[in-house]
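Welcome! Let us take a friendly walk through one protein chain, beginning with a single residue and then widening the view.

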Amino acid sequence: MSPRLPSVSTGSDSVSWQNSRGSAAQDEVMMTGGGDKYRQQKQQSHLPPTLKNDTHIQLTSNSKIPSHILNAISSSTDPSITLIELDKNPLGDSEVSRLAHALMTNTTVQTVSLRNCKITDRAVKALADCLQRNATITSLHLDANRITREGCASLSTALIKNETLSSLTLNRNKDLGDKGVVYLMNVLEHNSTLITLEVKECGVEGKRLKQIESILADRQLDSAFESLLERLRDDDFRVTGIDMSGREIGDKGVIRLAEALSDNTQVRQLWLRACQVKDEGAKALASCLEQNMAIVDLYLSKNAIGDKGVTAIADALGLSNQTLVTLELDDNPVGDRGIDALTRAMERNTSVLEATFENNFILKHSAKLQKLQRILQERKKGLNTVSFVVDPESDKEEAEKEKKGVVDLSICSSYMPSTYQRAEDPKPAKVDKPAKK
């Protein structure tokens, strides 16, 4: 799934500059062509010197952008100008080249939309030259034009140097073809910032589209993961659960997640099944549990957590955490020492009611696990418990009703709303079984 693109207004024969502070601000500037009036709500003292109140801005009869507008773009006089949209204007190569030249020195525009503007590879070459100098444009939309593989070659050259562009759309350029897309695919080895590349209806084979999707999948996940971490650090009340099951983020990713959760007070459930978590990741989660007093359920099955990781979690539960209720460690290589550490922790911890270790091939003395389970069973008997834990493996319909607020990175690719569905049947982490004697 591609990340959600920035909001772009559409309309024929128009130029729209969108204020980065949103529609509620009172300094929005909008320019329209084709005889429409220039409407503005900006105080004159903050206007570019070339733009006056009550001025009528018109695109010329042959669809040219007035020079004073290009001067305003080039000089970056107005910091509120973050979007330029020229969709469905028959600008042609010459006019887009003028715009590209003005954008070279601009430091405010983030999105440029030139859909269906009758431009060819010549204009794309000018835009590519612009991208090699401009450091603020993040989205470029060139759909429904006349771009061929030569234009793609120009863009590829620019993307080797450019470290800002994150979204490039070239849909409905019918002469692009497989060879043009290959140029762009090859440059992804050198460019690490592009996370969206759309080339639908461009004469490209289906398998090539799947290759692009596969190449960009990890980048999109990284983008979503960064957004998630930011929301956790902000203590976003809309995120009450996180499900990353099946995403192999490993210890490195879990360490960052644990750090973001340390002071979080909203997240109650955390699913990290089949995430390639090992002892270092478990230790990071243990450090998180020493501070975090909100997480109730922690699901860590199908990973590679051993005695050291479980002992660290046990220490956190025994020393400070009195919030965690469910700890799932099925399909992990936990041995006797890990079980012993958790059993000792239960002497001081009073919150844990459920700890599971199914499909464990390392444990030598099952009696140790049985002892731990008896302690937890006796604890539950003394409580009037009400089932409130939402497990993704339970009935799907009921889970959907209850899992409001769970952020699931398995299908998420952009700034995340608060409800997602979980990945199906994640595979367990690879753990080497002990050699038979």
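Start with Ser-76, which is buried because its relative accessible area is 16%, and buried means under 20%. Please keep in mind that this is a predicted model. Ser-76 sits in the loop that runs between helix H1 (67–75) and strand E4 (81–85). Its phi angle is near 55°, a positive value in a residue other than glycine.

Ala-274 also has a phi near 55°, and this too is a positive value in a residue other than glycine. You can find Ala-274 in the loop between strand E10 (269–271) and helix H8 (279–291). With a relative accessibility of 3%, Ala-274 counts as buried.

| Residue | Relative accessible area |
|---|---|
| Ser-76 | 16% |
| Ala-274 | 3% |
| Val-325 | 15% |

Is Val-325 buried or exposed? Val-325 is buried, because its relative accessible area is 15% and the cut-off for buried is under 20%. Which residues does Val-325 contact, leaving aside its neighbours within four places in sequence? They are Val-296, Asp-297, Ser-351, Val-352, Leu-353 and Glu-354. Take Val-296 from that list: Val-296 and Val-325 are 29 residues apart along the chain, and their C-alpha atoms are separated by 5.2 Å.

Now for a pair of helices. Helix H3 (residues 121–131) packs with helix H4 (residues 149–161) at an angle of about 5°, and their axes are 8 Å apart. H3 and H4 are therefore roughly parallel to each other, since angles under 35 degrees count as roughly parallel. On the H3 side, the contact is made by Asp-121, Val-124, Lys-125, Ala-128 and Leu-131, while H4 brings Glu-150, Gly-151, Ser-154, Leu-155 and Ala-158. Sorted by class, this contact has five nonpolar, two polar and three charged residues.

Finally, step back to the whole protein chain. How many helices and strands does the protein chain have? There are 12 helices and 14 strands. The chain has 437 residues, and 53% of them count as buried. Among contacts between residues at least 6 apart in sequence, 80% join residues at least 24 apart. The chain exposes about 21,200 Å², with carbon and sulfur atoms supplying 47% of that area.

Definitions and conventions
Residues numbered from 1 in each chain as written. Predicted model: local features only at pLDDT ≥ 70, side-chain atom pairs only at ≥ 80, totals over all residues. Heavy atoms only, no water. Helix = DSSP H or I, 4+ residues; strand = E, 2+ residues; numbered from the N terminus. Buried < 20%, exposed > 50% of the residue type's maximum accessible area, 1.4 Å probe, protein only. Contact = heavy atoms within 4.5 Å. Areas by Shrake-Rupley, 256 points an atom, 1.4 Å probe, with all protein chains shown as cover. Axes fitted to C-alpha atoms, helices over the stretch in contact; angles between N-to-C directions. Parallel < 35°, antiparallel > 145°, perpendicular 65-115°, else oblique. Nonpolar A, V, L, I, M, F, W, Y, C, P; charged D, E, K, R; others polar.
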